[in-house]
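Q: I would like to learn how to read pockets and helix packing in a protein model, so could you take me through them one at a time?

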Amino acid sequence: MSSPPTRRLRFDLAYDGTDFAGWARQPDLRTVQGVLEETLSTLAREPVALTVAGRTDAGVHADAQVAHLDVPASGTALLVDGVVPDGLVRRLARMLPPDVRVHAVTGAPAGFDARFSAIRRHYAYRVCTAPSGPEPLRARDTLRWYRPLDVAAMSAAARGMLGEHDFAAFCRPREGATTIRELQRLTWLAVPGERDVVEARLSADAFCHSMVRSVVGALLAVGEGRRDVDWPAALLERRERASEVHVVAAHGLRLTGVDYPDDDGLAARAATTRAVRTLGG
């Protein structure tokens, strides 16, 4: 018997990761995926399974996460006569806890996959060096750093890491997973209007596990003068995790965006992403 036809929905959402054990569903732990799927299952009156663009770790936040979900085309509370109900976002706002917000639910175009169709992810990491620490309203998303930082030195070190490399030195290994990534943007800037706060902005075609927090940790070591400017780039020659790289705390990190190709390129991008990747391939 063939499966009934389904329709794919795209969810654009945000969350404060402080009180979550990460995105991915885990037994007996509060996770973003678990909370969302429980709520959506209640609406759909059947179990649902979300696929996400980037599986964030415990404590990591998201301003602009993307996920997808397949629902019966015949209709549920999530899809009525082939259309997402106008009041769905408002209904989800009433049902979800305040640290998760769904901003939009839309019918996904053919070939869309929240994870594999993405061409780029964007992250930001906030650091405060003020003696008094971060402002109270930003304490949950800003790392307190007790030593002055040379932002010019960190920026110079960052430039040496751009491009396609094997980031094995900066990633927690996962069996069968590649650590080759193209780092397309890595900048450090003072945050306008905030006292002694700097922010790293990183963009790549994908990030491996703990990569952003490890890269930031290496650059902070340069910023406080413990390492030379060329040290982070030199680590890219290694093919295993560098134990001397400090992985900074999760709460300073947030996912700020996910980019996708035009609709006619979604399926091709997903196929390319699924392929085994090699340097220069």
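A: Gladly, and keep in mind that this is a predicted model. Let us start with a pocket.

Q: How much space lies in the second largest pocket, and which residues line it?
A: Rolling a probe the size of a water molecule over the atoms shows where empty space is left. Here, the second largest pocket holds about 150 Å³ of space, and its lining includes Tyr15, Asp16, His61, Ala62, Asp63 and Arg254. Strand β3, residues 61-72, gives the most to this lining, with three residues, and by class the lining residues of the second largest pocket divide into four nonpolar, one polar and six charged.

Q: What should I notice about the largest pocket?
A: The largest pocket contains about 1300 Å³ of space and is lined by 46 residues, with Arg115, Arg181, Ala206, Phe207 and Cys208 lying nearest its centre. Among the elements that each supply at least two residues of its lining are β5 (120-128) and β8 (180-190), while α6 gives the most, with four residues. The lining of the largest pocket divides into 19 nonpolar, 13 polar and 14 charged residues.

Q: At what angle do helices α3 and α4 pack?
A: Helix α3, residues 151-159, packs against α4 at an angle of about 135°, and their axes are 8 Å apart. The two helices are therefore oblique to each other, and their crossing is right-handed.

Q: Which residues of α3 and α4 meet?
A: Ala153, Met154, Ala157 and Ala158 in α3 meet Leu219, Leu220, Val222 and Gly223 in α4. Sorted by class, this contact has seven nonpolar residues, one polar residue and no charged residues.

Definitions and conventions. Residues are numbered from 1 along each chain as its sequence is written. This is a predicted model: local features need pLDDT of at least 70, side-chain atom pairs count only at pLDDT 80 or more; totals for chains, interfaces and linings use all residues. Side-chain values use heavy atoms; hydrogens and water are left out. On a 1 Å grid over the protein atoms alone, a cavity is a set of points where a 1.4 Å probe fits but cannot get out, and a pocket is an open set with protein on both sides within 12 Å along at least five of seven lines; lining residues have an atom within 4 Å of a point. Grid points are joined across faces, edges and corners, and a volume is the space filled by probe spheres set on the points. Ala, Val, Leu, Ile, Met, Phe, Trp, Tyr, Cys and Pro count as nonpolar, Asp, Glu, Lys and Arg as charged, and the others, Gly among them, as polar. Axes are lines fitted to C-alpha atoms, for helices over the stretch in contact, and angles run from 0 to 180 degrees between N-to-C directions. Angles under 35 degrees count as roughly parallel, over 145 as roughly antiparallel, 65 to 115 as roughly perpendicular and the rest as oblique. A crossing is left-handed if the near helix is turned anticlockwise from the far one by less than a right angle, and right-handed if clockwise. Contact means heavy atoms within 4.5 Å.
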